[in-house]
Amino acid sequence: MLAVSGVTAVASEDPVATRKALMQSNGAAAGLSGGMMKGEIPYNAAAAKAALASFNAAATAFGDYFPEGSDMDANTTASPKIWEDMEGFEAELDKFQTAAAAAMQAAGKDGPADLDAFKAAAGSVLGTCKDCHEGYRVKN
Ligand code: HEC
C-alpha cells in the first residue's frame with residue numbers, strides 16, 4: 001500500500017515530466033536500435049537487450065501518467081484526443097506493451113542471437129510508435 005501511494009504521489013506531482021521522460025528513454029532506445037539495424041553501430045546482444053528492456057519498461061509505466069486535465073500543461077504534446085477516446089489510446093498502448101513484452105521474451109537471457117533476430121523483435125515494437133503518435137500526439 002505504501003509503495004502504491006508513493007507512486008501516485010510522484011505521478012500527481014509531475015505526470016507530464018514523467019511521461020515525457022519515459023518517451024525520451026524510448027527515443028534513446030529507438031536510436032540505438034535503429035543504429036544497429038542500419039549497421040551504423042556494430043551489433044551487440046547486450047545493447048540490443050537493453051534497448052528492448054527499455055521499451056518494455058516504458059510501455060509498462062507510461063499509461064499511469066495521464067491524469068484528467070494534464071492535456072492542459074504547456075509542455076505537453078499529448079493530444080486532447082487521449083482523454084476524449086481513452087479506449088482507443090489504451091488499445092494503442094496495449095499493442096506497444098504486447099510487442100515489447102514479446103520482444104523481451106524472444107531476446108532471452110543473453111539478448112537476441114543475431115542482428116536478424118533483433119531486427120524482427122525491435123521492428124515489431126518500433127511499428128507501434130508511429131501509430132500512437134499519429135492519433136494521440138500533437139505537434140507543438
Ligand atoms: C500508446 C501511445 C504511444 C506509443 C506506443 C509511443 N508513444 Fe511516444 N509519445 C506518446 C505521447 C502521448 C507523447 C507526448 C507526451 C507528452 O508530451 O505529454 C509521446 C512523446 C514522445 C517523444 C517526445 C518526448 C518529449 O520529450 O516530448 C518521443 C521521443 C517519443 N514519444 C518516442 C516514442 C518511441 C520511440 C516509441 C516506440 C518505441 C513511442 N514513442 C511509442 C505516445 C506514444
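The following legends describe close-up views of a predicted model.

**View 1. The iron site.** The iron atom of the ligand is coordinated by the SD atom of Met23 and the NE2 atom of His133, at 2.0 to 2.2 Å. The site of this iron atom is octahedral, with angles of 84 to 179° among its six donor atoms. Methionine 23 belongs to helix α2 and histidine 133 to helix α6, so the pair ties together parts that lie 110 residues apart in sequence. Methionine 23 has a relative accessible area of 27% and is partly exposed. Histidine 133 is also partly exposed, with a relative accessible area of 32%.

**View 2. Helix α5 and its buried face.** Helix α5 comprises the 22 residues 86-107. At 1.5 Å a residue, this helix should span 32 Å, and the 31 Å between its end C-alpha atoms agrees with that expectation. Its buried residues are Gly88, Phe89, Glu92, Leu93, Phe96, Ala99, Ala100, Ala103 and Ala107. Seen down the helix axis, the buried residues of α5 fall within an arc of 145°, so they line one face of the helix. The elements that cover them include α2 (15-37), α3 (45-61), α4 (81-84) and α6 (115-136). On the other side of α5, Glu87, Gln105 and Ala106 are exposed. Just after the helix, glycine 108 adopts a positive phi of about 65°.

**View 3. The loop between α5 and α6.** Aspartate 110 is located in the loop between α5 and α6. With a relative accessibility of 58%, aspartate 110 counts as exposed. Aspartate 110 and alanine 50 are separated by 60 residues in sequence, while their C-alpha atoms are 10 Å apart in space.

**View 4. Helix α2 and the glycine that follows.** The 23 residues of α2 should span 33 Å at 1.5 Å a residue; the end C-alpha atoms are 32 Å apart, in agreement with this value. Buried in α2 are Pro15, Val16, Arg19, Leu22, Asn26, Ala29, Ser33, Gly34, Gly35 and Met36.

**View 5. Surroundings of serine 33.** Serine 33 is a residue of helix α2. Its relative accessible area is 0%, and serine 33 is therefore buried. When residues up to four places away in sequence are not counted, serine 33 touches Ala51, Phe55, Phe118 and Leu126. The C-alpha atoms of serine 33 and alanine 48 lie 6.8 Å apart, and the two residues are 15 positions apart in sequence.

**View 6. Aromatic pairs.** Six aromatic pairs are present in the structure. In one of them, the rings of tyrosine 43 and phenylalanine 118 have centres 5.9 Å apart and planes at 40°, so the pair is tilted. This pair links distant parts of the chain: tyrosine 43 sits in the loop between α2 and α3, and phenylalanine 118 sits in helix α6, 75 residues apart. Tyrosine 43 counts as partly exposed at 25% relative accessibility, whereas phenylalanine 118 counts as buried at 0%. Elsewhere, ring pairs join Phe62, Phe66, Trp83, Phe89 and Tyr136 into a cluster.

**View 7. Threonine 128 in helix α6.** Threonine 128 is found in helix α6. With a relative accessible area of 10%, threonine 128 is buried, since that value is under the 20% limit. Setting aside neighbours within four places in sequence, threonine 128 is in contact with Lys95, Phe96 and Ala99. A distance of 18 Å separates the C-alpha atoms of threonine 128 and alanine 117, which are eleven residues apart along the chain.

**View 8. Cysteine 129 in helix α6.** Cysteine 129 also lies in helix α6. With a relative accessible area of 27%, cysteine 129 is partly exposed. The C-alpha atoms of cysteine 129 and methionine 37 are separated by 17 Å, and the two residues are 92 positions apart along the chain.

Definitions and conventions
Residues numbered from 1 in each chain as written. Predicted model: local features only at pLDDT ≥ 70, side-chain atom pairs only at ≥ 80, totals over all residues. Heavy atoms only, no water. Helix = DSSP H or I, 4+ residues; strand = E, 2+ residues; numbered from the N terminus. Expected span 1.5 Å × (residues − 1). Buried < 20%, exposed > 50% of the residue type's maximum accessible area, 1.4 Å probe, protein only. Arc of directions from axis to C-beta. Contact = heavy atoms within 4.5 Å. Donors = N, O, S within 2.8 Å, 3.2 Å for Na, K, Ca; no water. Tetrahedral: all angles 85-135°; square planar, octahedral: opposite > 155°, others 65-115°. Phe/Tyr/Trp six-rings, centres within 6.5 Å; stacked < 30°, edge-to-face > 60°.
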